[in-house]
Amino acid sequence: MARVRLGERLAQWMFLVPAMAYLLLFFGYPIVKNIVMSFRQYTPTTFYTGTAPFVGLRNYSTILSSGLLSKALLTTVLFTAGSLLGQFVLGLAFALFFQRSFPLGGVLRSLLLLPWLLPLVVSGTTWRWMLDTDSGVVNDTLRNLHILSSGVPWLTGTSQALVSVILINIWVGIPFNTTILYGGLQDIPTHLYEAAKLDGAGPVTSFRHITWPLLRPTVGVVLVLGAVYTLKVLDIILVVTGGGPADATETIATRSYELSFQQFEFGPGAAMGNVLIVISLAFAIVYLRANRRARNI
């Protein structure tokens, strides 16, 4: 029996070894390397000479003293909060809408997935053309409807650029929210709604006392995953605005990219990336603790 149990335990570990090796190689090593890089002075010559002097916390003090982190952090908070709010509210509305059975409902749900399936570079390029001040289809439509007399600088105005990239990110994230929330709605027993209807409960009352409480675990998953995804959004901002104008759309992710791959300041860029990792971990820890507390109730 001892040999059988040992063989079973060994077989279990053999199934886990490939996954663990993959995580260590493609996730663990880059994170450790990024942490080490943030405490050293990496330059382009380092990759040839192999020398990177240890500088301690100087890279972190550099991004703090220059004001790069504070402004990027504020933009990141606004971008994340606006994106999450829009994606969740519209995603929940679409999920409730598609919960009803109607002709071509499956076709419409499939078409709703298109923004999620398109490469972000393609989506960003398309939206940059649509929001162009002079020849964009959005401004042309508003002028033809006599709503505006001149084009709105959606991507070149410091007060409009951040709103524009938030709206684009909302458009990209709606399918994900709709799909997950729709799946959560399908797990709610229909007899609860039938019983509530017999008791005279309307749609608002049913949503408040049945849908929302039973959908809350799914909502937590959607919000946490959405926050982690939005924090690291890079493609859309780089393609649409490049972080401009005047750093109006510069987030922590884009600032880390700019420091590392445009200014070749790998140490401060790694430090900025580590700040983003810590923020993402904070969201994950909050979710795990809330989920554990909900299970214990």
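Guide: A residue is called buried when its relative accessible area is under 20%, exposed when it is over 50%, and partly exposed in between (1.4 Å probe, protein chains only). By that rule, Arg 255 and Glu 250 are both buried. The structure is a predicted model, in which local features need pLDDT of at least 70 and side-chain atom pairs count only at pLDDT 80 or more, while totals for chains, interfaces and linings use all residues. Residues are numbered from 1 along each chain as its sequence is written, and side-chain values use heavy atoms, with hydrogens and water left out.

Visitor: What makes Arg 255 count as buried?

Guide: Its relative accessibility is 7%. That value lies under the 20% limit, and therefore Arg 255 is classed as buried. Arg 255 belongs to helix α13, where a helix is a DSSP run of H or I with at least four residues, a strand is an E run of at least two, and numbering starts at the N terminus.

Visitor: Which residues is Arg 255 in contact with, beyond its neighbours within four places in sequence?

Guide: Contact here means heavy atoms within 4.5 Å. With those neighbours left aside, the contacts of Arg 255 are Leu 68, Ala 72, Asp 247, Glu 250 and Met 272.

Visitor: How do you know that Arg 255 forms a salt bridge with Asp 247?

Guide: A salt bridge requires a side-chain nitrogen of Lys or Arg within 4 Å of a carboxyl oxygen of Asp or Glu. The closest N and O atoms of Arg 255 and Asp 247 are 3.3 Å apart. This distance falls within the limit, so the pair qualifies. Asp 247 itself is partly exposed, at a relative accessible area of 30%.

Visitor: Why is the pair Arg 255 and Glu 250 also called a salt bridge?

Guide: The closest N and O atoms are 3.9 Å apart. Since this too is within 4 Å, the pair is counted. Through shared partners, the salt bridges join Asp 247, Glu 250, Arg 255 and Glu 258 into one network.

Visitor: How many salt bridges does the rule give?

Guide: The count comes to four. One of them joins the side chains of Arg 143 and Asp 140, at 2.6 Å from N to O.

Visitor: Where do Arg 143 and Asp 140 lie relative to one another?

Guide: Both are in helix α8, which spans residues 137-144, and they are three residues apart, about one turn of the helix. Arg 143 has a relative accessibility of 23% and Asp 140 a relative accessible area of 30%. Arg 143 is therefore partly exposed, and Asp 140 is likewise partly exposed.

Visitor: What makes a set of residues a nonpolar core, and which members touch the most others in the largest one?

Guide: The set must consist of buried Ala, Val, Leu, Ile, Met, Phe, Trp, Tyr and Cys residues joined through side-chain atoms within 4.5 Å. The largest nonpolar core has 15 residues, and Phe 79, Ile 168, Ile 236 and Val 240 touch the most other members. Helices α9 (161-186) and α12 (235-240) are the elements that give two or more residues to this core. The most come from α9, with seven residues. Apart from neighbours within four places in sequence, Ile 236 is in contact with Leu 120, Ile 168, Asn 169, Val 172 and Thr 241.

Visitor: Which residues have a positive phi although they are not glycine?

Guide: Among them are His 146, with phi of about 60°, and Phe 264, with phi of about 55°. His 146 is in the loop between α8 and α9, and Phe 264 is in the loop between α13 and α14.

Visitor: Are His 146 and Phe 264 buried, partly exposed or exposed?

Guide: At 73% relative accessibility, His 146 is over the 50% limit and so counts as exposed.

Visitor: What is the class of Leu 223, and which residues does it touch?

Guide: Leu 223, in helix α11, has a relative accessibility of 34% and therefore counts as partly exposed. Not counting residues up to four places away in sequence, Leu 223 touches Leu 84 and Phe 88. The C-alpha atoms of Leu 223 and Tyr 287 are separated by 9.1 Å, although these residues are 64 apart along the chain.
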